[in-house]
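Try each task before reading its solution.

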Amino acid sequence: MGQEGSHNEEMDLAQIQELCIIFMKECPSGALHLHELKRIFGVQSTSEEESLYVETIFHSFDTNQDNTLDFLEYVAALHLIFRGNLEDRLKWSFKMYDKNGNGKLDRQEIIYKIKNRTSNISMTPSEICDRIFELVDQNNDGQITLSEFMEGAQKDEWLMNLLKLDINATGWLQFSHDFHGW
């Protein structure tokens, strides 16, 4: 929180040029593969959540589905990670929870995602899940749609903090120079 303003700024030409230089250095062929993107972000094979996050981004931005990202796809992905507005980041958070990709969250998906994130909360994952469904599942059908997720998260600060992507992606970049505030 408190940094949302910086996420709404547009990328400037200098940043895009810097990304292009990095991209061409890392991927002289002009095609970035998933394992290379994970290496760029410093994602460890032991971190399932970070790995899933990068895989989701990779496949979502691989618009021509050739299992590589070209420069424009790469910039679009980085823009979401570092500059995405609240709505975009919540949509990504929903995608991260929606393990089976059916567009709805069930209790199992919620519990799976929160059980590793709740070390500083005095509630059990089941209690947290109950509270989430109480706050968000407007039609009480036992599933949370994207619109319910977005509305609920924006109405309740506790829920917003819990559901937002809390992966500090800016710390993943493994480059030797500064990203000018990225």
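**Exercise 1.** Where is Gln-65 found, and is Gln-65 buried or exposed?

*Solution.* Start with the location: Gln-65 sits in the loop between H4 and H5. Keep in mind that this is a predicted model. Next, take the relative accessibility, which is 68% for Gln-65. Exposed means over 50%, so Gln-65 counts as exposed. Finally, look at the backbone: phi of Gln-65 is near 55°, a positive value in a residue other than glycine.

**Exercise 2.** Find Thr-68 and work out whether Thr-68 is buried or exposed.

*Solution.* Thr-68 also belongs to the loop between H4 and helix H5 (71–83). Its relative accessibility is 12%. Buried means under 20%, so Thr-68 counts as buried. Now list its neighbours: leaving out residues up to four places away in sequence, Thr-68 touches Ala-31, Leu-32, His-33, Phe-58, Asp-62 and Glu-73. Its side chain also makes a polar contact with the side chain of Asp-66, at 2.9 Å.

**Exercise 3.** Describe how helix H4 (residues 48–61) and helix H6 (residues 86–97) cross.

*Solution.* First, the axes come within 10 Å and cross at roughly 115°. That makes H4 roughly perpendicular to H6. The crossing of H4 past H6 is right-handed. Then collect the residues: Glu-49, Leu-52, Tyr-53, Thr-56, Ile-57, Ser-60 and Phe-61 in H4 meet Trp-92, Lys-95 and Met-96 in H6. Sorted by type, the residues of this contact are six nonpolar, two polar and two charged.

Key. Residues are numbered from 1 along each chain as its sequence is written. This is a predicted model: local features need pLDDT of at least 70, side-chain atom pairs count only at pLDDT 80 or more; totals for chains, interfaces and linings use all residues. Side-chain values use heavy atoms; hydrogens and water are left out. Axes are lines fitted to C-alpha atoms, for helices over the stretch in contact, and angles run from 0 to 180 degrees between N-to-C directions. Helices (H or I, at least four residues) and strands (E, at least two) are DSSP runs, numbered from the N terminus. Angles under 35 degrees count as roughly parallel, over 145 as roughly antiparallel, 65 to 115 as roughly perpendicular and the rest as oblique. A crossing is left-handed if the near helix is turned anticlockwise from the far one by less than a right angle, and right-handed if clockwise. Contact means heavy atoms within 4.5 Å. Ala, Val, Leu, Ile, Met, Phe, Trp, Tyr, Cys and Pro count as nonpolar, Asp, Glu, Lys and Arg as charged, and the others, Gly among them, as polar. Buried means under 20% relative accessible area, exposed over 50%, partly exposed in between (1.4 Å probe, protein chains only). A polar contact is a pair of N or O atoms within 3.5 Å; within protein, one must be able to donate a hydrogen and the other to accept it, and residues adjacent in sequence count only if both atoms are side-chain atoms.
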